[in-house]
Amino acid sequence: MADSNPQAAAGSGGAASSEGSGGSKTKLRCLYPTDTFKLDDKTVVTGEFKEFSATDTKKIMDAAKAQDVKLISDPPPKKGS
Amino acid sequence: MAGLTPTYNRLNVMTGMAALWMQPYDPNTPAVLPDDDEVLGFTWTTPWEALGATLEGVTFGFARKANDIMIEEQPGPVDQRTESLSFTVAVELSEDTLETMRRAYGGGEINTTAPGAGQVGTKELVISSEIQHFALGLEGQAPPRTGLATPWRRVLIPDVTSVAEVETTYRRSDQQRTYKCTFTSLVPPEQVVIRELNAPAS
C-alpha cells in the first residue's frame, strides 16, 4: 500500500519548498492541529494551512528546524532538497 | 539412538529491535504505511514521527479473552467466542523531550516561539484534559527469504490512545529519565495491518 498522503516533511529535517521559486507562496501548518509555531507576532503557523511568502517560508523553515518543530508544507519540499 | 528432532527453520527464529512511528490521528486522512518498496530502516516520511530511544525496546502485546460455550453433555467447551480482544504497544521512552511527554501523558499542545532580537526561543507543552488520538506504526525485521536478507515487517494501528501512569525520576547519575507508555488500539482487529516483505520483485 503506497503512502497516499500528498503532504510531506518540512521543518525539522526538511527544506523550504519555495526556496528559489521566485516569490511563490507555500502553505504551512503544524503537524499537530493543536500546536503553534510563532516566528514573530505577525508570522504564526497553526494547525490549519496558512499561506506564507517565499521569504517567510524560508525563515519559518530554518527556525523550525533549529527548534525541532515538525511542519507540513503544501506543496511538499522537492525530493533531495 | 538419537532422539526426535522436530522439523524447524532456524531462519524463522528472530531477534532484533523494532522502531516506533507516530502521527496525529485524523479521521479524514487515515494513516498509511510507507510504500512497500521502501527498505527496512527507511525513515518514514512526515506526518510520521519517530519515537526515538527506548529503555528496553518495544513490547507488542495481543490479548484475547474468550467465553467458553458449555453444554451439559460434554465436559469441555464446544466453542469459544471472543469476549474482548486488544492490541497494545508498551515502551519506555528514553528521549526527554516535550514531544515524548505529550505522547506519554496522552496528548497536549506544544506552542513554540522562535528566538528573535532580545527574545529567546521557547517551547511550551500544555497537557490536554481530553485524551488525544494517534496512529502508530511499528517496523522490525521479518525472517529472511530467498533474495531478501533483511526484509521488513510493518504494523499499522490506525487509532491508538496513550494511557499510563508515568513516573520520571530525575537522578544525578543512576539512570536517564524515562517515560513509560502503553498505547492501546481502538480499532477492530481487522483494521490493524500486519504486513511483511517476503519476496523480491520479479
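Which residue forms a salt bridge with D35(A), and how far apart are the closest N and O atoms? The partner is R102(B), and the closest N and O atoms are 2.8 Å apart. Keep in mind that this is a predicted model.

**The interface of chain B and chain A**

- The two chains bury about 2,200 Å² between them, and carbon and sulfur atoms give 50% of that area.
- On the chain B side, V32(B), T46(B) and T112(B) lose the most area to chain A, together 27% of what that side buries.
- Chain B brings 30 residues to the contact, and chain A brings 25 residues.
- Polar contacts between the chains come to 11 residue pairs, both residues being at pLDDT 80 or more.
- Four elements of chain B each supply at least two residues of the side that touches chain A: β1 (19–24), α1 (98–105), β5 (108–113) and β6 (122–127).
- The most comes from β5(B), with 6 residues.

**The salt bridge that joins the chains**

- The rule finds 1 salt bridge across this interface, and D35(A) pairs there with R102(B).
- D35(A) sits in the loop between β2 (26–30) and β3 (36–38) of chain A while R102(B) belongs to helix α1 of chain B, so the pair joins two chains.
- Are the two partners buried or exposed? D35(A) counts as buried at 8% relative accessibility, and R102(B) is buried too, with a relative accessible area of 3%.

**Helix α1(B)**

- Of the 8 residues of α1(B), 6 are buried, so the helix is largely enclosed by the rest of the structure.
- Those buried residues are E99(B), T100(B), M101(B), R102(B), R103(B) and A104(B).
- After the helix comes G106(B), which has a positive phi near 95°.

**Other salt bridges**

- Over all chains, the whole structure holds 12 salt bridges.
- One of these links R153(B) and E196(B), whose closest N and O atoms are 2.7 Å apart.
- R153(B) is in strand β8 (residues 152–162) and E196(B) in strand β10 (residues 193–196) of chain B, so this pair ties together parts that are 43 residues apart in sequence.
- R153(B) is partly exposed, with a relative accessible area of 33%, and E196(B) is likewise partly exposed at 28% relative accessibility.
- D79(B) and R81(B) also meet through their side chains in a salt bridge, at 3.9 Å from N to O.
- Within that pair, D79(B) is partly exposed, with a relative accessible area of 36%, whereas R81(B) is exposed at 52%.

**Backbone geometry to check**

- T46(B) and P47(B) are joined by a cis peptide bond with omega about 20°, and P47(B) is placed in the loop between β1 and β2 (49–50) of chain B.
- In chain A, the peptide bond from D74(A) to P75(A) is cis, with omega near 5°, and P75(A) lies in the segment after β6 (70–74).
- D68(A) is not a glycine, yet its phi is positive, about 55°.
- That residue, D68(A), is found in the loop between α1 (54–66) and β6 of chain A and is partly exposed, with a relative accessible area of 44%.

**A nonpolar surface patch**

- I69(B), I71(B) and V78(B) make up a nonpolar patch on the surface, with about 220 Å² of accessible area together.
- I69(B) belongs to strand β3 (residues 54–71) of chain B and is partly exposed, with a relative accessible area of 36%.

Methods. Residues numbered from 1 in each chain as written. Chains lettered and ligands numbered in written order. Predicted model: local features only at pLDDT ≥ 70, side-chain atom pairs only at ≥ 80, totals over all residues. Heavy atoms only, no water. Patch = residues over 30% accessible without salt bridge, like charges linked within 9 Å, V, L, I, M, F, W, Y side chains within 5 Å. Areas by Shrake-Rupley, 256 points an atom, 1.4 Å probe, with all protein chains shown as cover. Salt bridge = Lys/Arg side-chain N within 4 Å of Asp/Glu carboxyl O. Buried < 20%, exposed > 50% of the residue type's maximum accessible area, 1.4 Å probe, protein only. Contact = heavy atoms within 4.5 Å. Buried area = accessible area lost by both parts, 1.4 Å probe. Polar contact = N/O pair within 3.5 Å; in protein donor to acceptor, adjacent residues only side chain to side chain.
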